[in-house]
Amino acid sequence: MSYFRPGTRAEVTDRLAELTGMAVGLGALIYGASVVQSFSAPAVAMTLDTIRMVCGILVLAVYLPLTIWFKTRFSGVILNPWKSDSFMGAALKRAGLSAFAASVMFMVLLSTLDRLVLSRMTAESVIDLVLAVALLVFAVSFLLLGRDGGEGEG
Amino acid sequence: MSGPLTNRIRVLRAERGMSQSDLAAAIDVSRKTISTVEVGRFVPSTVIALKIARYFGVPVEDVFDLTDEA
């Protein structure tokens, strides 16, 4: 049983959860680069543009096909890691909760800073920043929560 | 995710000569779920707890136990 050929539905659902975490991490990079790009010099901005493009291509060319392939691996059943009772399913839900809490707290912080930050940024950059924070917190939380703290095969 | 919940899954598996993967496949969960439940890092849902107990043919109280601090 290799990583790309999991034998059971439960293992496939775990792979889908891991893929979701990775794709969200790439999304965080895309939005984070977009925010930095709006404050950087043209040379740096070009590099960031390339990073965004590579991340976008990875999501479209790797994440989406793999997700579709895994989801349709067992005919007649659509696997959904969010509805799974598994350890990885729980990690996914907890990471989502962390991301929601972090993004709300971050927006409250932005609003309490009054015009210190918001007056210096465009609405587009503010939205990108909040999305970057939310996606980053999700990806990091999932990475930490989803680490296998159990013991190996025994 | 750890808590005051202990379990005897490792013992029950050992008595039957089963690996984590065997048990995981038998009750349709991933090996990672079994390994994290075994070490107390993950508290399983009621459904998974009942599936494990039913698979071993014992009451759920014989698999899982609450420690005194609960």
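Predicted model: local features only at pLDDT ≥ 70, side-chain atom pairs only at ≥ 80, totals over all residues.
Figure 1. Residues are numbered from 1 along each chain as its sequence is written, with chains lettered from A and ligands numbered from 1 in the order in which they are written. Helices (DSSP runs of H or I, at least four residues) and strands (runs of E, at least two) are numbered from the N terminus. Gln20(B), Leu23(B) and Ala24(B) are the residues buried in helix 2 of chain B, where buried denotes 20 or more other C-beta atoms within 10 Å of a residue's own, exposed 12 or fewer, and partly exposed anything in between, with C-beta atoms placed from the backbone. Viewed down the axis of this helix, its buried residues fall within an arc of 100 degrees, and they therefore line one face of the helix; the arc is that of the directions from the helix axis to the C-beta atoms.

**Figure 2. Asp28(B) lies in the loop between helix 2 and helix 3 of chain B.** Asp28(B), which follows helix 2 of chain B, has a positive phi near 60 degrees although the residue is not glycine. Most residues other than glycine have a negative phi. Asp28(B) counts as partly exposed because 14 C-beta neighbours are found inside 10 Å.

**Figure 3. Helix 3 of chain B is largely enclosed by the rest of the structure, because 7 of its 8 residues are buried.** The buried residues are Arg31(B), Lys32(B), Thr33(B), Ile34(B), Ser35(B), Thr36(B) and Val37(B). Their cover comes from both chains, and includes helix 1 and helix 3 of chain A along with strand 1 (5-7), helix 1 and helix 2 of chain B. Gly40(B), with a positive phi near 80 degrees, follows this helix.

**Figure 4. At the interface, 20 residues of chain B are in contact with 16 residues of chain A.** Two residues are in contact if their C-beta atoms, placed from the backbone, lie within 7 Å. On the side of chain B that touches chain A, the elements that give two or more residues are helix 2 (20-27), helix 3 (31-38) and helix 4 (46-56) of chain B, with helix 3 giving the most, 5 residues. By residue type, this side of chain B divides into 8 nonpolar, 8 polar and 4 charged residues, where nonpolar covers Ala, Val, Leu, Ile, Met, Phe, Trp, Tyr, Cys and Pro, charged covers Asp, Glu, Lys and Arg, and polar covers the others, Gly among them. The model scores ipTM 0.86 and pTM 0.87.

**Figure 5. Helix 5 of chain A, residues 123-145, should span 33 Å at 1.5 Å a residue, and its end C-alpha atoms, 33 Å apart, agree with this.** The expected span is 1.5 Å times one less than the number of residues in the helix. Its buried residues include Leu129(A), Val133(A), Leu135(A), Phe138(A), Phe142(A) and Leu145(A), and helix 1 (9-37) and helix 3 (87-112) of chain A are among the elements that cover the buried residues.

**Figure 6. Gly27(A) is placed in helix 1 of chain A.** Gly27(A) is buried, with 21 other C-beta atoms within 10 Å. The C-alpha atoms of Gly27(A) and Cys55(A) are 7.4 Å apart in space, although the two are 28 residues apart in sequence. In chain A, which has 5 helices and 0 strands, residues 24 or more positions apart account for 77% of the contacts with a separation of 6 or more.

**Figure 7. Chain B contains 5 helices and 2 strands, running β-α-α-α-α-α-β from the N terminus on.** For its 70 residues, a compact globule would have a radius of gyration near 11 Å, and the 11 Å of chain B agrees; the radius is taken over C-alpha atoms, and the globule rule is 2.2 Å times the number of residues to the power 0.38. Buried residues make up 27% of the 70. The average pLDDT of chain B, the predictor's confidence in each residue on a scale from 0 to 100, is 91, and 93% of the residues score at least 70.
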